[in-house]
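Please open the model in a viewer and keep the selection tool at hand.

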Amino acid sequence: MHPFTASDVITVWELGERLHPLERAILLLSVAYPHQSQQQLAMLSVGQRDRRLLLLRQMTMGSQLHSVTTCPNCGDRLEFALNISDIYININEINESLSSQYENKTVQIAGVECQFRLPNSHDLAILTASQTIEEAYRSLIERCVLQISQAGTPVSWEALPPEMIEQLAQHISDCDPQAEVLLDLDCPNCQHRCQAIFDIVAFFWAELDALAKRLLQEVHTLAKAYGWDEAKILSMTATRRQFYLDMVM
Ligand SMILES: [Zn+2]
């Protein structure tokens, strides 16, 4: 993985602007991991994908995150700061081989043995379209469960009772904890305690969007003042670019 250069930021911003967030996530990783195909990256589990995005964010912009949400109780603006290490679940993924990332898992629930894989970006696209939680559970099982057997005899997942489907879906989600990061927040206005989902794809994209627009502004200012081209301006270190900007402004 390599961190984004200024030029990478403009490139991903331009390519990703019209994409669905799920495609954006893969685009960001494909620039940081040029030796892996988009197809391979889309097969990463959602948690593996998000761990990579957190590391990429850390290498590109540092480990401090500042975000804002709304208190569900009083509607007040709730600002919060956290460090990537607070939410990063370390499973030594960097040393994990590609094959082990796609390895199937097995669980036993009430005498039923089930082989499954973790949901990836393709699955997530389908799951997020579900209308109800039951529908999402069933889609998850349908897509990610590879084989179910009871006392050595194959069983169809459709024959399982709803509570077992729910239990199984819950277990599959629990096996990929990085896929859903929940933050405990206290509202300073009404003291209400709430939980918020931290979505690294949306968060990082919003930052890249702002950074790309700022970089283009800087290119405009310096190109106008010095006649340098875009590639030359973007290849400068941020410190050097800022030094010239300070002289022009
Ligand atoms: Zn509040």
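Predicted model: local features only at pLDDT ≥ 70, side-chain atom pairs only at ≥ 80, totals over all residues.

**Stop 1: the zinc ion**

Select the zinc ion together with C71, C74, C187 and C190. The SG atoms of these cysteines are the protein donors, lying 2.3 to 2.4 Å from the ion. What is the geometry of the site of the zinc ion? It is tetrahedral, with angles of 108 to 112° among the four donor atoms. Along the chain, the donors follow the spacing C-x2-C-x112-C-x2-C.

**Stop 2: S67 in strand β1**

Next, select strand β1, residues 64-70, and find S67 within it. Which residues does S67 touch, leaving aside those up to four places away in sequence? They are L78, E79, F80 and F203. For L78, a distance may be displayed: its C-alpha lies 8.5 Å from that of S67, while the two residues are 11 apart in sequence.

**Stop 3: helices α1 and α2**

Select helix α1 (residues 6-16) and α2; their axes are 10 Å apart and the packing angle is about 150°. Angles over 145 degrees count as roughly antiparallel, and α1 is therefore roughly antiparallel to α2. The crossing of α1 past α2 is right-handed. To view the contact, show the side chains of D8, V12, L15 and G16 in α1, which meet R24, L27, L28 and V31 in α2. By class, the residues of this contact comprise five nonpolar, one polar and two charged.

**Stop 4: helices α2 and α10**

On the α2 side the contact is made by P21, R24, A25 and L28, and on the α10 side by V201, F204, W205 and L208. Seven of these contact residues are nonpolar, none is polar and one is charged.

**Stop 5: helices α8 and α9**

Finally, select helix α8 (residues 133-144) and helix α9 (residues 162-174). Their axes lie 9 Å apart, and the helices pack at an angle of about 70°. How is α8 oriented relative to α9? It is roughly perpendicular to α9, because angles of 65 to 115 degrees are counted in that class. As α8 passes α9, the crossing is left-handed. Display Y137, R138, L140 and I141 in α8, and then their partners in α9: I165, E166, L168, A169, Q170, I172 and S173. The contact of α8 with α9 contains seven nonpolar, two polar and two charged residues.

Conventions:
Residues numbered from 1 in each chain as written. Heavy atoms only, no water. Axes fitted to C-alpha atoms, helices over the stretch in contact; angles between N-to-C directions. Helix = DSSP H or I, 4+ residues; strand = E, 2+ residues; numbered from the N terminus. Parallel < 35°, antiparallel > 145°, perpendicular 65-115°, else oblique. Left-handed = near helix turned anticlockwise from the far one by under 90°. Contact = heavy atoms within 4.5 Å. Nonpolar A, V, L, I, M, F, W, Y, C, P; charged D, E, K, R; others polar. Donors = N, O, S within 2.8 Å, 3.2 Å for Na, K, Ca; no water. Tetrahedral: all angles 85-135°; square planar, octahedral: opposite > 155°, others 65-115°.
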